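The structure is shown first.

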Amino acid sequence: MASWTSSEFLYVEIKPPGIRFLERFKRSGKLSFKQYQALVFVLTFIAYLAFHATRKPNSIVKGTLSKPSTGHFKSTENSGWAPFDGPDGTALLGQIDLAFLSVYAVGMFVAGHLGDRLDLRTFLTIGMIGTGVFTALFGVAFWANIHSFYYFLAIQTLAGWFQSIGWPCVVAVLGNWFDKKRRGVIMGVWSAHTSIGNIVGSLIATGLLKFGWGWSFVGPALLITFLGIVVYLFLPVNPPAVEAERDGTEVDSTMRLGDTITESFLSSRMSTTGFDRRAVGFLAAWKIPGVAPFAFCLFFTKLVSYTFLYWLPFYVSQTEIGGEHLSQETSGNLSTLFDVGGVVGGILAGYFSDQLEGRAITAGGFIYLTIPALFLYRTYGHVSMTINIILMFIAGVFVNGPYALITTAVAADLGTHKSLKGNARALATVTAIIDGTGSVGAAIGPVLTGYIAAISWDAVFYMLMTAALISGLLLTQLIIAEVRTLLHGSSEDDEVVSGSSEPRPPIDVLI
């Protein structure tokens, strides 16, 4: 666990019990730095994969819950589930999504603030197990014959809070272990957990749907609960917590050519006297160059992404493809191709951003290409199954590519920005600000879709294309700054992020 030392929630981490167990099998008595990195990569990957897997049942069962009722409370192949089986069923489902995502967005800011002050391993475990409990309770309504709208609303509200704990924790932990030079590719691959989690959640939920929609929630809930226990037993939060020693080939996470080792982020954390534990204040984190534009960009990017997350299976089931309507199970399985595209998009975005040394250029390029991708999918996706699959995959690449890049590599870059002067307690707060702002958009998109879709799906897609355009425009200043840097050969990445050549004063971490 951790020993608390002051009202500032300062503590001293200790080795997880699972690490102490693994060390018994090592001749040296401890794991190497690279082995710790591999362990962190895998554990944070599967942890957030599980978080996303628990979000998919809502979209998978939408069609089942909103079917016109046959007069029976128990769900069957031909009946829905009160109160969602009426004419306002899709609006009610949209309201539940809004409650979940609104609490998730607000909770993200709180969780990030706490994440820089609490033991991340314990905090993440609480988020995972709590998510499992409330995801399961949503499914329990199937067997308990619960039809109160306020029950579902309350369950999703509480689930949103526990879900909000996950992201600031996993990004902060990963950022503690990997250097900035390779962060784009590493986090591009790592960000595949979002799409793979959606795929796993979809497959579990659709596979169990034939046994009753309640099982679609219980399956992912059991998965995340089990993995939460694994995370508690094995996750090393940072190098000092497990006395990990870096080898000579490792480059510090905020070092650039010309920086001295004493200025580095991780070296300050691994000194014999410990590391700077003053958590960065909320307002101070907003002042870090680049945080605000990327945060507002993600607002609109995530609005588009989460609309697909929550409504794509329903949209597919309501649309004739090749002259036929697909079943709910087939629609759910087909929608996973969007997430397969997201895996490819996240990796490509990370790779290109590393090669170009331009996060904003890469994110903006993907965002602008999202607009024609959405237009083509809406216009030609119904022609045949083959065309639908191809266009859905392409849309997934461009929608989820920038979303993955901004929430991982960009957030970690800004959380270890040079203006922080080596302060070690900013990652969770910065991550929470960026993804929390994005989550406000994620809350708005699905609920707007619930109302707009009742009028026209064309209107929904125009809304999404407009959001993508605004998202790209918000990065204009950063893109111009990065292009200037590329043309003039400057290596000052502070200028790229801030869009200014003026030197930046150190951030007052306590604001």
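Helices here are DSSP runs of H or I with at least four residues, strands are runs of E with at least two, and both are numbered from the N terminus. On that basis, the secondary structure of the protein chain, which is a predicted model, comprises 21 helices and two strands. Of the 511 residues in the chain, 59% are buried. Among contacts between residues at least 6 apart in sequence, 80% link residues at least 24 apart.

Two helix pairs may now be considered in turn. Helix α4 (residues 89–115) and helix α6 (residues 149–163) have axes that come within 7 Å and cross at roughly 30 degrees. Angles under 35 degrees count as roughly parallel, and α4 and α6 are therefore roughly parallel to each other. Their crossing is right-handed. Residues making the contact include Leu92, Ile96 and Phe100 of α4 and Phe152, Leu153 and Trp161 of α6. By class, the residues of this contact are twelve nonpolar, six polar and no charged.

Helix α2 (residues 33–53) packs against helix α7 (residues 166–177) at an angle of about 165 degrees, the axes lying 10 Å apart. Because angles over 145 degrees count as roughly antiparallel, α2 and α7 are assigned to that class. The crossing of α2 and α7 is left-handed. Among the residues that meet are Tyr36, Phe41 and Tyr48 in α2 and Trp167, Leu174 and Trp177 in α7. The contact of α2 with α7 has twelve nonpolar, three polar and no charged residues.

Conventions: Residues are numbered from 1 along each chain as its sequence is written. This is a predicted model: local features need pLDDT of at least 70, side-chain atom pairs count only at pLDDT 80 or more; totals for chains, interfaces and linings use all residues. Side-chain values use heavy atoms; hydrogens and water are left out. Axes are lines fitted to C-alpha atoms, for helices over the stretch in contact, and angles run from 0 to 180 degrees between N-to-C directions. Angles under 35 degrees count as roughly parallel, over 145 as roughly antiparallel, 65 to 115 as roughly perpendicular and the rest as oblique. A crossing is left-handed if the near helix is turned anticlockwise from the far one by less than a right angle, and right-handed if clockwise. Contact means heavy atoms within 4.5 Å. Ala, Val, Leu, Ile, Met, Phe, Trp, Tyr, Cys and Pro count as nonpolar, Asp, Glu, Lys and Arg as charged, and the others, Gly among them, as polar. Buried means under 20% relative accessible area, exposed over 50%, partly exposed in between (1.4 Å probe, protein chains only).
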